[in-house]
Amino acid sequence: MLKIIQHKISLLAFGTFISISVQAQQNLKLTYSKPAENWNEALPIGNGKLGAMVFGGVSQEHLQLNEETIWAGEPGNNVPKNTFDSIQKIRKLLNEGRFEEAQKLSNTTYPRVAPKDLNYGMPYQTMGDLFLDFKGHEKFQHYNRTLDIEKALSTVSYEVNDVTFKREIFTSFADNVVVIKLSSNKKGSLNFSINATTPHVKKSIFTEKNQLVITGTSGSADNKIGRINFKTIAVPILKGGKLTSTQDHLNISGADEVVIYVSIATNFKKYNDLSGNPDQKVSEYLKSALSKKYDAELKAHIQKYQKYFNRVSLNLGTTDQAKKTTDVRIKEFAHAKDPDLVALYFQFGRYLLISSSQPGTQPANLQGIWNYQLNPAWDSKYTVNINTEMNYWPAENTNLSEMHEPLFDMIQDLSVTGQESAKEMYHARGWNMHHNTDLWRITGIVDGGFYGMWPMGGAWLTQHLWNHYLYTGNKEFLKKYYPALKGSALFYLDVLQKDPSKKYLVVSPSMSPENTYMKSVGITAGTTMDNQLVFDVFNNFINASKVLNEDKNLSDEVKAALHKLPPMQIGQHAQLQEWLKDMDRTDDKHRHISHLYGLFPSGQISPFRNPDLTEAAKNSMIYRGDKSTGWSMGWKVNWWARLLDGNRAFKLISDQLSPVSMDTKDQSGGTYPNLLDAHPPFQIDGNFGCTSGIAEMLLQSYDGYLYILPALPDALPKGSVKGLKARGGFEIDMEWKNSKLTKLIIKSTLGGNARIRIAKNINLKSKIQLKDSTGENPNEYYQINTIKTPLVSDQAELKGFPVPETQVFDFDTEKGKTYIFEVQ
Ligand code: FUC
């Protein structure tokens with residue numbers, strides 16, 4: 001009989017245990033032997049509110065600066081008026097099979113370029129650039145530039161005329177400032193000037209009381225006037241030497257050490273409130289930072305950062321490649337063994353999320369928080385037909401639950417502004433949005449009827465609310481966001497149409513994001529992704545109303561509608577159908593594979609529950625191919641992990657970690673020298689998607705079990721991970737050797753049943769011995785029950801998808817206890 005020891009240990013004791021046994025990840029630094037020549041070589045630092053790209057130049061240091069609320073425009077939604085009749089006509093045309101006419105009507109009702117009285121979302125904008133000029137530093141040696149993602153600290157060092165110069169740069173998590181410390185090993189040798197530029201039209205740059213000040217107003221676009229006012233102050237604090245100023249330069253001579261504090265603030269308070277006072281805020285941020293000594297500021301910064309970062313460690317082994325600079329490692333990844341770069345990339349994804357999305361800040365946009373332009377690609381806003389959601393895939397499973405909060409806040413806002421689009425455009429209750437939003441929480445159509453006619457953005461976003469609940473079990477949270485879940489369910493109850501066969505309820509009109517089934521025609525009804533999304537919206541609402549004991553009648557109504565949604569279907573090419581009719585093409589290489597939403601991030605397709613659909617999903621993946629834009633490859637890592645093919649998932653990681661082609665005709669994504677994802681251009685979703693995919697290869701928690709090492713590739717035969725999170729609130733540590741699990745630790749944070757799926761070749765009965773963490777009481781055994789309720793498909797009867805042989809067992813856990821399994 002299988003047995004485990006259950007040991008009562010306090011959280012503290014567990015913490016101590018972890019820190020002793022963690023084998024430190026070898027390399028948590030990005031390193032370079034020369035300054036950045038362009039933005040894609042510069043290194044990102046951020047604290048959720050402020051972002052900076054550090055170039056590390058020698059005779060000129062350059063910091064490109066961002067503040068998360070500097071967006072063009074002003075409050076206001078973008079809901080087109082009086083288009084309900086057109087929507088009704090489009091529905092009719094679709095029912096009659098007049099697809100081209102339906103598309104045409106959609107395109108004319110919602111033109112490609114924003115009509116005069118509307119806007120298609122505002123661009124996120126840079127603040128500007130700070131420069132430090134060092135005369136006489138043109139010739140240098142022993143240059144080194146790093147980004148230490150264990151400390152969230154960027155460094156530069158070099159030697160000029162036998163004097164070593166050093167810089168430490170960080171965006172403090174303790175105070176809202178960028179901090180730049182300059183030092184050297186020879187007293188009095190710091191001589192440089194500070195100046196700034198900003199591309200904004202309305203701006204002024206001047207010095208005042210030995211401080212450099214930049215003020216400005218964000219840009220105007222479409223029907224909106226730029227109304228974000230910002231103020232930036234840079235203050236140098238000197239040890240030794242002299243500080244003087246000219247009209248727009250600060251000059252430092254003969255200093256031993258200089259610390260520059262940069263603060264940025266705007267008048268933004270909320271998407272509909274610009275009554276903030278940037279002068280006051282910018283001074284408050286500075287005051288707080290200046291009241292601390294540099295060392296204390298750095299210490300507080302690191303402490304706050306590590307509270308999140310240190311929750312997870314990953315060790316995949318190391319080779320000599322790890323001694324090379326990061327740009328070279330990326331170039332050589334495809335042909336050299338460098339498992340440590342995978343671990344670094346994974347942790348860099350976590351670093352980016354912590355740095356761009358903190359409780360109380362704006363969510364990470366298309367570029368996180370890092371953007372050097374006034375008009376960046378796709379406005380660097382929130383594209384919610386994949387990109388924004390992907391940013392948050394690693395939030396729960398890599399143990400960064402709090403980083404998810406800005407997204408929840410945004411959903412809350414949208415559930416208010418989205419009532420206007422639901423009512424005006426669809427005559428529906430509840431709320432909805434289309435495929436884009438911005439700082440102002442717009443919910444109308446963006447980019448016209450071809451790209452924008454997708455009323456499903458809210459449906460996808462609300463999955464994050466329910467998922468957070470599954471990971472944390474936080475009922476207060478569920479209560480707070482229940483109205484958003486309910487509002488989304490109400491919208492689809494009202495919007496669903498009977499399809500011509502009268503059998504199904506479908507969303508109409510809509511599309512399978514950005515793809516077409518006829519030349520230039522994408523508009524349709526009942527796409528597979530829409531059906532899957534509504535299925536989840538309805539289920540989440542039913543489950544939430546049950547947990548909270550609310551809205552019984554409405555829940556029954558939703559249940560009835562749920563049963564009328566179309567099922568997933570397998571088409572003529574043995575593929576999972578993207579559309580209600582079997583219209584997929586085998587030569588379709590489109591980057592969006594939206595109908596596989598059901599496989600990931602949703603859990604509607606599982607090899608063990610519906611192997612036939614899993615096989616069909618796999619066929620769809622094979623037709624689409626591997627190489628694509630950055631985010632598409634990131635999604636594919638997650639899909640291949642769910643398809644339990646670790647080697648193919650690793651191949652996609654390899655594609656993602658390939659250097660970006662300089663051939664502009666090649667539109668495939670990859671990784672820039674600074675390890676940021678290339679769509680191209682830079683788009684942060686690929687980093688987050690791939691980070692989530694790596695976690696998904698090691699641990700999956702859906703379909704009723706925790707699957708340990710479900711998709712381990714041959715390239716990673718040995719390793720360990722600590723602190724991954726699973727649904728049900730379990731925290732998982734594991735080690736493996738020769739591609740086989742050697743140790744498993746499960747900490748239960750909520751209590752409840754833990755059902756584990758594990759490879760069959762681990763002889764559980766005889767070989768897993770369960771020990772308590774301290775080694776005390778080795779004979780205190782508790783019994784593990786083998787699975788009581790078999791899953792829907794018994795493995796022996798599985799057909800259609802070749803699943804590996806596994807075993808499943810479950811046991812009851814108690815909140816706060818840790819269960820340790822060792823394989824002998
Ligand atoms: C969607 C994608 C593009 C890009 C953009 C921001 O429109 O199809 O590839 O990621 O969002």
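**Note on the predicted model**

1. Start with the open sheet. Seven strands make up this sheet, in the order β3-β4-β5-β6-β11-β16-β15, and their pairing is antiparallel. The edge places go to β3 (43-46) and β15 (242-245). Each has a single partner strand, so one side of each is left without a neighbour in the sheet. From one strand to the next, the twist averages 20 degrees. Keep in mind that the model is a predicted one.

2. Look next inside that sheet, at β6 and β11. Strand β6 covers residues 128-133, and strand β11 covers residues 190-197. The two run antiparallel and are joined by five bridges. For a landmark, find L130, which stands opposite A196 in β11.

3. N82 lies in the loop between β5 (60-67) and α2.

4. How do α2 and α10 cross? The axes of helix α2 (residues 84-95) and helix α10 (residues 405-426) come within 7 Å, at a crossing angle of roughly 65 degrees. Angles of 65 to 115 degrees count as roughly perpendicular, and that makes α2 roughly perpendicular to α10. On the α2 side the contact is made by F84, I87 and R91. On the α10 side E424, M425 and Y426 take part. By type, the contact residues divide into four nonpolar, no polar and two charged.

5. A cis peptide bond joins F600 and P601, with omega about 10 degrees. P601 is in the loop between α15 (552-562) and α16 (611-624). The bond from P680 to P681 is cis too, with omega near 0 degrees. P681 is placed in the loop between β24 (677-678) and α19.

6. Now the largest pocket. It holds about 930 Å³ of space. Its lining has 41 residues, and the closest to the pocket centre are N467, L470, S701, Y702 and R727.

7. Which elements supply the lining of the largest pocket? At least two residues each come from the helices α9 (393-397), α12 (457-472), α14 (528-548) and α19 (685-698). The strands β25 (699-702), β26 (705-708) and β30 (752-759) also each give at least two. The largest share, eight residues, is that of α12.

How values were computed: Residues are numbered from 1 along each chain as its sequence is written. This is a predicted model: local features need pLDDT of at least 70, side-chain atom pairs count only at pLDDT 80 or more; totals for chains, interfaces and linings use all residues. Side-chain values use heavy atoms; hydrogens and water are left out. On a 1 Å grid over the protein atoms alone, a cavity is a set of points where a 1.4 Å probe fits but cannot get out, and a pocket is an open set with protein on both sides within 12 Å along at least five of seven lines; lining residues have an atom within 4 Å of a point. Grid points are joined across faces, edges and corners, and a volume is the space filled by probe spheres set on the points. Helices (H or I, at least four residues) and strands (E, at least two) are DSSP runs, numbered from the N terminus. Axes are lines fitted to C-alpha atoms, for helices over the stretch in contact, and angles run from 0 to 180 degrees between N-to-C directions. Angles under 35 degrees count as roughly parallel, over 145 as roughly antiparallel, 65 to 115 as roughly perpendicular and the rest as oblique. Contact means heavy atoms within 4.5 Å. Ala, Val, Leu, Ile, Met, Phe, Trp, Tyr, Cys and Pro count as nonpolar, Asp, Glu, Lys and Arg as charged, and the others, Gly among them, as polar. Two strands pair if DSSP finds at least two bridges between them.
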